[in-house]
Amino acid sequence: MSDTITLSHGSGGIQTNKLINELFFKYFNNPILDMMNDSAQIDIDFKKLAFTTDSFVVNPIFFCGGNIGKLAVCGTVNDLAVSGAKPLYLTSAFIIEEGFSIKNLEEIVKSMAEEANKAGVKIVAGDTKVVEKGNVDGIFINTSGIGSIYKNVNINCANAKVGDIVIINGTLGDHGMTIMCERNKLGFEGNLKSDCACLNSLVDVMFEAYEGIHVIRDATRGGVASVLNEISEFSNVTIALEENSLPLKEEVKGASEMLGLDPLYIANEGKICVFVEEDYAEKVLNSMKKHPLGSKAAIIGKVTKEVGKKVYLNTIVGGKRLVDMPSGIQLPRIC
């Protein structure tokens with residue numbers, strides 16, 4: 001590991017994993033943390049709970065489809081939901097730069113309240129710190145959340161099995177490409193809009209269709225590629241993706257091609273990767289398609305019998321391309 005922190009340590013890829021494994025796990029390791037799920041799964045008085053925390057530093061603070069406040073609520077709600085839990089309560093801490101607009105702060109807080117209400121969660125505690133001008137970029141937000149894990153659900157990053165079908169609930173890269181275009185004024189915006197959304201109601205519909213789903217992960221930093229590589233590693237399986245099945249908006253596809261980027265590595269804030277045994281895949285897929293946040297859901301791959309822990313893409317032209325864990329960083333402060 002390098003002697004100093006670089007932006008790539010926050011990318012969600014190889015450098016992030018090395019930082020977590022070689023530093024934080026070195027001192028914090030315990031059986032709960034070692035599971036490496038989006039939320040800690042804990043037992044208190046015979047009640048199974050999910051507990052998570054996240055910080056948000058996105059730039060720009062306001063973007064098409066949301067703002068840092070909405071993102072903070074959605075990100076934490078989704079980390080609970082993909083752990084098989086019903087999100088219940090959030091806390092929120094604000095680090096605010098001297099001189100920040102009260103009007104903008106009110107808009108951020110209002111959007112947090114609206115999104116929490118939609119998701120059926122309550123913001124029950126918080127903290128506010130103000131620092132001198134220049135010591136933080138506008139506003140940073142930390143949110144923590146707790147939820148109740150459903151009785152008959154067992155979601156874990158290590159649960160993927162050979163034969164599982166891989167489903168995603170919609171188009172790839174919408175959030176990351178929106179942030180990139182707005183921040184750098186690239187002129188590709190068109191109908192680009194962040195997919196930032198609370199997905200707990202979608203996950204509930206999926207569980208109603210089938211409680212035996214093996215894995216659900218939200219594909220945020222590092223995109224789908226990062227999430228699938230983590231699942232491949234922890235489940236010790238190989239994952240084959242189909243290029244012609246990847247759902248993409250034309251705006252994201254066009255901008256990615258012009259910028260030389262791969263949508264598999266671009267961040268999302270409203271997309272989940274779902275692993276379910278083949279016999280129940282269509283049932284789960286159809287349930288997702290009936291929900292507004294899953295109307296574009298698609299089967300994008302399968303867990304295969306091939307030897308080795310890896311993710312690869314069956315390309316449109318008939319070849320195979322290895323989809324590695326992302327290295328470096330395409331865009332800092334994406335969430």
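This is a predicted model: local features need pLDDT of at least 70, side-chain atom pairs count only at pLDDT 80 or more; totals for chains, interfaces and linings use all residues.
The protein is divided into domain 1, residues 4-149, and domain 2, residues 164-322, and the centres of the two, taken over C-alpha atoms, are separated by 22 Å. To the contact between them, domain 1 contributes 28 residues and domain 2 contributes 25 residues. About 2,200 Å² of area is buried between domain 1 and domain 2, and carbon and sulfur atoms account for 56% of that area. If we then ask which three residues supply more than any other three of the area that domain 1 buries against domain 2, they are Cys64, Asn78 and Val82, which together give 23% of it.

As for the polar side of this interface, there are ten residue pairs in polar contact between domain 1 and domain 2, counting pairs with both residues at pLDDT 80 or more, and there is one salt bridge between the two domains. Looking at which elements of domain 1 give two or more residues to the side that touches domain 2, we find helix 1 (14-28), strand 3 (62-63), helix 2 (68-81) and helix 3 (102-119). Helix 2 gives the most to that side, with eight residues. By residue class, the side of domain 1 that touches domain 2 divides into 14 nonpolar, nine polar and five charged residues.

Now to the salt bridges in general. Side chains of opposite charge can pair when their charged atoms come close. The count comes to twelve salt bridges, and I will pick out two examples. In one of them, lysine 249 and aspartate 174 meet through their side chains, at 3.6 Å from N to O; this pair links distant parts of the chain, 75 residues apart, with lysine 249 in the loop between strand 10 (238-242) and helix 7 (250-259) and aspartate 174 in helix 4, residues 174-184. In the other, arginine 217 pairs with aspartate 38, and here the closest N and O atoms are 2.7 Å apart.

Finally, some remarks on the backbone. Most residues other than glycine have a negative phi, and most peptide bonds are trans. Against that background, where does the chain have a cis peptide bond? The bond from asparagine 59 to proline 60 is cis, with omega near 10 degrees, and proline 60 lies in the loop between strand 2 (47-56) and strand 3. Methionine 36, although it is not a glycine, has a positive phi of about 55 degrees, and methionine 36 sits in the loop between helix 1 and strand 1 (40-44). Arginine 333, again not a glycine, has a positive phi of about 50 degrees, and arginine 333 is found in the segment after strand 14 (320-322).

Notes. Residues are numbered from 1 along each chain as its sequence is written. Side-chain values use heavy atoms; hydrogens and water are left out. Domain bounds come from an automatic or database domain assignment. Contact means heavy atoms within 4.5 Å. Buried area is the accessible area (1.4 Å probe) that two parts lose on being put together, summed over both. A salt bridge is a side-chain nitrogen of Lys or Arg within 4 Å of a carboxyl oxygen of Asp or Glu. A polar contact is a pair of N or O atoms within 3.5 Å; within protein, one must be able to donate a hydrogen and the other to accept it, and residues adjacent in sequence count only if both atoms are side-chain atoms. Helices (H or I, at least four residues) and strands (E, at least two) are DSSP runs, numbered from the N terminus. Ala, Val, Leu, Ile, Met, Phe, Trp, Tyr, Cys and Pro count as nonpolar, Asp, Glu, Lys and Arg as charged, and the others, Gly among them, as polar.
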